Amino acid sequence: MTTLIIGGSGFLGAELIRQARAAGHPTAATYHATKPDDASQALWYRLDLRDAGRLDAVMAEVSPHLVINASSHKADWAVAAEGPIRLAMAAAKHGSRLVHVSSDAVFSGAQVHYDETCLPDPVTPYGAAKAAAETGVLTVHPKAVVARTSLIIGHGRSVHEHTVHELAAGTRDGVLFTDDIRCPVLVEDLAAALLELASCDASGIHHLAGPDALSRHELGILIARRDGLDASRLPTGLRAHSTLPGALDVRLDSQATQRKLTTTLRGARQLCTAPMTARPVGP
């Protein structure tokens, strides 16, 4: 099964490549700016999702059975909203299975707890773009999977883990919010769950987040303790008192999707109580 990872140069994309290769699948991946210097043995293609001609050429050359869109492009509407729809159209044209990774940013936080039946109500341009992409993807490719996830962590390589280390060392300004609550998920579990959903007859909306709801500061403390850092050095603040837009408390309920999977989505409390072990770069 030839697999094409869109956004393979990112944190989640790299783990998807590793697991797909480990399962014996021929794997291709895309990057936007700089080709990654890695040992994954994936075939790399430069791709801008705004370029329909280039996208069609890559799809024709790779001829993938499965496409996973793990790209992330903040609030750029042309990429974050229109790009996935363009990709879904190409996947449908070439007869490829499609898994599109979305975000808990499609929700406002007004309801706090969100399962797959909840309708998006975004409050940021990024959330609006992700919500539009979800609707468009499933309209043009009804058999696609749209998988919403939350804060992705793992193996010390996530943005949040780097931030915790820098704050503890005093090399970075900022705070960890005590009122910004999400359901973190380990990148290894998320990638495995995405590949599992791709291998079955799943379609439509699915939630893939961890079972533990934690504030950014609570998660920071767990990471600091795991990595032997001084957690008392982590500064705190309230997102509600900042100028940063977005929802405060969004908790993805992944129970319905979890029941369909053999992959267990572990909680951050479980993940951060054991010493960190390095994840190999290659397959």
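A disulfide is a pair of cysteine sulfur atoms within 2.5 Å. The model is predicted, and a search of the whole structure finds 0 disulfides. The points below are grouped by topic.

**Cysteines**

- The sulfur of Cys118 lies 13 Å from the closest cysteine sulfur, that of Cys183, so the two are too far apart for a bond.
- Cys118 counts as buried because its relative accessibility is 11%.
- Cys183 likewise counts as buried, at a relative accessibility of 4%.

**Nonpolar cores**

- The largest nonpolar core holds 28 residues, and the members that touch the most other members are Leu12, Leu16, Ile68, Val99, Leu194 and Leu208.
- At least two residues of this core come from each of helix H1 (11-22), strand E2 (27-31), strand E4 (66-69), strand E5 (97-103), strand E7 (145-149) and helix H7 (187-199).
- The most is given by H7, which supplies 8 residues to this core.
- Leu194 touches Leu12, Leu16, Val99, Val101, Ala147 and Leu208, when residues up to four places away in sequence are not counted.
- A second, separate core comprises 19 residues, among them Ala28, Ala90, Val137 and Val146.
- In soluble globular proteins, nonpolar side chains tend to be buried together.

**Packing of H2 and H4**

- Two packed helices are described by the angle between their axes and the distance between the axes.
- For helix H2 (residues 52-62) and helix H4 (residues 82-93), the axes come within 10 Å and cross at roughly 35°.
- The crossing in which H2 passes H4 is right-handed.
- On the H2 side the contact is made by Ala52, Leu55, Asp56 and Met59, and on the H4 side by Arg86, Leu87, Ala90, Ala91 and Lys93.
- By class, the residues of this contact of H2 with H4 comprise 6 nonpolar, no polar and 3 charged.

**Helix H8**

- Helix H8 (residues 216-226) is mostly covered, with 8 of its 11 residues buried.
- The buried residues of H8 are His217, Leu219, Gly220, Ile221, Leu222, Ile223, Ala224 and Arg226.
- These buried residues pack against strand E8 (152-153), helix H6 (159-169), strand E9 (176-177), strand E13 (214-215), E14 and helix H10 (268-271).
- Gly228 follows H8 and has a positive phi, near 75°.

- Val112 has a phi near 70°, a positive value in a residue other than glycine.
- Val112 sits in the loop between E5 and strand E6 (113-114), and is partly exposed, with a relative accessible area of 21%.
- His155 is not a glycine either, yet has a positive phi of about 60°.
- The loop between E8 and H6 contains His155, which counts as buried at 14% relative accessibility.

- Leu238 is placed in the loop between strand E14 (236-237) and strand E15 (251-252).
- At 34% relative accessibility, Leu238 counts as partly exposed.
- Although Leu238 and Val175 are 63 residues apart in sequence, the C-alpha to C-alpha separation is 8.5 Å.
- Leu238 is in contact with Phe177, Thr178 and Asp179, leaving aside neighbours within four places in sequence.

Notes. Residues are numbered from 1 along each chain as its sequence is written. This is a predicted model: local features need pLDDT of at least 70, side-chain atom pairs count only at pLDDT 80 or more; totals for chains, interfaces and linings use all residues. Side-chain values use heavy atoms; hydrogens and water are left out. Buried means under 20% relative accessible area, exposed over 50%, partly exposed in between (1.4 Å probe, protein chains only). Axes are lines fitted to C-alpha atoms, for helices over the stretch in contact, and angles run from 0 to 180 degrees between N-to-C directions. Helices (H or I, at least four residues) and strands (E, at least two) are DSSP runs, numbered from the N terminus. A crossing is left-handed if the near helix is turned anticlockwise from the far one by less than a right angle, and right-handed if clockwise. Contact means heavy atoms within 4.5 Å. Ala, Val, Leu, Ile, Met, Phe, Trp, Tyr, Cys and Pro count as nonpolar, Asp, Glu, Lys and Arg as charged, and the others, Gly among them, as polar. A nonpolar core is a set of buried Ala, Val, Leu, Ile, Met, Phe, Trp, Tyr and Cys residues joined through side-chain atoms within 4.5 Å.
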